[in-house]
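Okay, thanks for making time, everyone. I'd like to walk you through one interface today, so let me put the structure up.

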Amino acid sequence: MIRHLQFASARALKEYLEVKAPANAYYSSAYYDTPSAPDMVGKGWQGADLVFDIDADHIPTACKADHDTWRCLDCGAAGRGFPPAACPKCGMKKLETETWVCEECLKVAKEEAFKLIDDFMIPDFGVSQKEIEICFSGHRGYHLHILDERLRRLGSDGRREVADYVRGVGLDPRDHGFREIAREGAFLGPDMRDGGWRGRIARAIYAYISKCTEDQLRQVVKSAAVADTICRNRAKFLENIASDPPFWGGIKGYSLESVVRIALAAAAENACAIDERVTLDVKRLIRHPNTLHGKTALRAVRLDYSELESFDPLRSAVAFRGGSIKVYVKGMPRVRIGDHEAGPASSVEMEVPKAFGLYLICKGAAEPRS
Amino acid sequence: MLAKEDLAKYPFLQKAAAFIEGRNLSISDLAGPEFSNVVRRAVERVRSSILGEEVTTETSDPETEILSYPLALAFVYASKITWLVNRFATSEAKRCEEELRKEPISKLEEIGNASFGWKVEANPISLEWEKLDFRLGVWQYLEVAPQFHSVSWKLTNKYLNGGHVYLKAKDFARLLAENLKLRIVRRASEEEIRKFDLPQLLMPHLEGLLKLAEERKGTFEEEAPQGLVDGAIPPCIQAIMGDLASGKSVSHMARFAITTFMINVGEGVEDVLRRFGNVADFDEGKARYQVEHIAGMSGSRTKYSPPKCDVLRSFGLCVNPDRTCSRVTHPLRYYRLRLKDQRRNGGVAQGAKGGGGRGSA
Ligand code: SF4
Ligand SMILES: [Zn+2]
Ligand SMILES: [Zn+2]
């Protein structure tokens, strides 16, 4: 890796990239006095953008069973789908994984990006659409940069608070409007129209109670009697908390404690799946927009908010158009690049569109043949 | 309107700095006989903070009070003793917080807007049964709030809407005071301050303060440590140790948890610092001051204890809890339980030799 480079102009950077043709090109999210200095002290850190990384790898989607595998390096046990935290057979944590992305993965990543923008950044953090820069990473997800000068100097601890906020880490419903009142069992609670997590919790409870089964509810509140009471009075319960002002009492037979449990279970579905390590870093290396990703040969594409909805990464990020190449495929699940779809396949030679072939080669799943 | 009395109470007001600049005085001018009151008051402020006495505001002579603040700071910075800086910062913050809590909302708003370049608004919102008195920008809130180690200060648990964090008046007062403390402490590591030397004429006063500081410091360095027993460390603390050993930078809360834990089981400041040594952005000076503060050598005399399990849990730090964990609500309790178990089992297995109790289980 060549580091600490500094360019006087965008043109100088472009010329350098053309000559060197690196497999991957990154820039730092930090702003420095002297970017080319070899150490942090010499660089003079001025600040950094706030960055969010949404990566399908971190989201346990159902499709992972179709295209991902893992194997324990200690005992050899293997399985399909989202890798477990530790080997279910021997408990060791050294797992080897083979992961792929599919349209489903990328769709979920896009939904998370929308959630981050529409549910958190704009309403809660007051960030405007034009202050949000979106970039398809060229592989499994999206990077979002918040370009607000006021937050550039924010330290790592402050950034962690932002990451925790969108992930709902440490959420305590009792800090969001729930309060026991003198009469035993009676309590007050938040309004669905409130902002921030306060309103989100109220809406999440409403949505959860609307659709949960009694079984699910019993597991959450840890009481058959309470689950029964709420389910029998479901319509009343929903009407009460949706009224203006909301009415959280009214039905006997459950306590604030139960509602807090429901709140936590329901809120989890509203949290946003970001890779928090990227957000709290004040000097993160980020793939340079419009360069190729070394693992996919796809382009990292910068997008406007208005373009995100219709963006199809497996089509719009294809860099090599036209032409075909011959490859020997070692093993792959079903893959689509552009309009070409193939697989699952293993140990075969095939002639494929250039972008498709390069994708497999970069993933390490195929070798070029002439 | 902010009066002279306000400047005396709140030295972080921009107007207080302007007032001093307007007098066109240098620190050496304050050594002159016409300012003996100022010197006396400055020495008194530092003394009280060393002794852990409550510092109150002298409003009978606001000018002396205003001028004594930068001089007191000059003594503190010139001492080059980190724990003294911290201690002074803490007692000033405490004094200011107490004054702030007596102020009406409109005055608090005025002070909030005239100090750190913050934009603060009063009386913004009533939610159901509770009224939140203030709002300020989320990025400004986050400059300070991560310093607080309680779950209710987490941004996740604040009312955040349209880029504003909403706070009750008493919390807002706390936030302002904490920011004062942060600024005093952070300035100490600035080049200009580190190079600062007191004018000769004022040296005798500083020497008196240094002597007093030495005496006090001694009283915090007693009790010989017993040291950390590996097999008794709870999973949460082990995980943080692992992260540190592999050079990962860890959260403020994680640093706080591991430091308080180690200090409480009798490790020394140096032992704790060694753990942090691998981390890339390790700043020895800053870390030392934090650890010393937690150890109770500086700032408040209270030794901090580690957060309880449920706090650690909500900060995502409770990882891989084990069987012992289900019996405890506090990591220190885990440690003591394990020690007891080990002593019981170890006593049988290791016979008379004991072996220092370094379990490997
Ligand atoms: S239960 Fe308590 S002691 Fe155990 S790992 Fe969690 S926080 Fe640590
Ligand atoms: Zn295994
Ligand atoms: Zn998929």
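So, between chain A and chain B, the count is 18 residue pairs in polar contact, with both residues at pLDDT 80 or more. Polar contact here is a pair of N or O atoms within 3.5 Å; within protein, one must be able to donate a hydrogen and the other to accept it, and residues adjacent in sequence count only if both atoms are side-chain atoms.

Which parts of chain A touch chain B? Helix H5 (156-167) and helix H6 (196-211) each supply at least two residues of that side, and H5(A) gives the largest share, seven residues. Helices are DSSP runs of H or I, at least four residues, numbered from the N terminus. By type, that side of chain A has 14 nonpolar, nine polar and 14 charged residues, with Asp, Glu, Lys and Arg as charged, Ala, Val, Leu, Ile, Met, Phe, Trp, Tyr, Cys and Pro as nonpolar, and the others, Gly among them, as polar.

Quick housekeeping: this is a predicted model, local features need pLDDT of at least 70, side-chain atom pairs need 80 or more, and totals for chains, interfaces and linings use all residues. Residues are numbered from 1 along each chain as written, chains are lettered from A in the order written, and side-chain values use heavy atoms, without hydrogens and water.

Now the salt bridges (a Lys or Arg side-chain nitrogen within 4 Å of an Asp or Glu carboxyl oxygen): the rule finds five across this interface. One of them joins Lys154(B) to Glu161(A), with the closest N and O atoms 3.0 Å apart.
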